[in-house]
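The tour below goes from the chain as a whole to two places on its surface.

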Amino acid sequence: MRNAILVGIHKERKRHEKNAEKWKERVEVQQKVRVEKQQKRSGNIADRIEQNKIRKKKLLRPGFEGCKEGFVNEGGK
């Protein structure tokens, strides 16, 4: 009877250790993924800022696609 109790306790400890290892691995993976996503987000934000700087240099025309490269009726006369 006593031996069966000790065996049960031993099994429970082993199971707890395995679960603790899996949990630790899971937490590490989540942290790594979080860092990768944050780096990608930072890169995308930097790219968007750069694109906005380039876009602001050009004269944007509302109602038309793209930017104004010259006058609309240039050289018509």
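What follows is a list of stops, each with something to select.

This is a predicted model, in which local features need pLDDT of at least 70 and side-chain atom pairs count only at pLDDT 80 or more, while totals for chains, interfaces and linings use all residues. Residues are numbered from 1 along each chain as its sequence is written, and side-chain values use heavy atoms, with hydrogens and water left out.

**Stop 1: the protein chain.** Helices (H or I, at least four residues) and strands (E, at least two) are DSSP runs, numbered from the N terminus.

**Stop 2: confidence.** Colour by pLDDT, the predictor's confidence in each residue, from 0 to 100. The protein chain has an average of 85, and 75% of the residues score at least 70. Confidence is highest in H1, at 92, and lowest in strand S2 (residues 67-68), at a mean of 60.

**Stop 3: the surface.** How much of the chain is buried? Of its 77 residues, 0% are buried, meaning under 20% relative accessible area, with exposed over 50% and partly exposed in between.

**Stop 4: Leu6.** Select Leu6 in helix H1 (residues 2-57). Leu6 is partly exposed, at 47% relative accessible area.

**Stop 5: Lys14.** Move on to Lys14, also in helix H1. Lys14 is partly exposed, with 47% relative accessibility.

How values were computed:
Buried means under 20% relative accessible area, exposed over 50%, partly exposed in between (1.4 Å probe, protein chains only).
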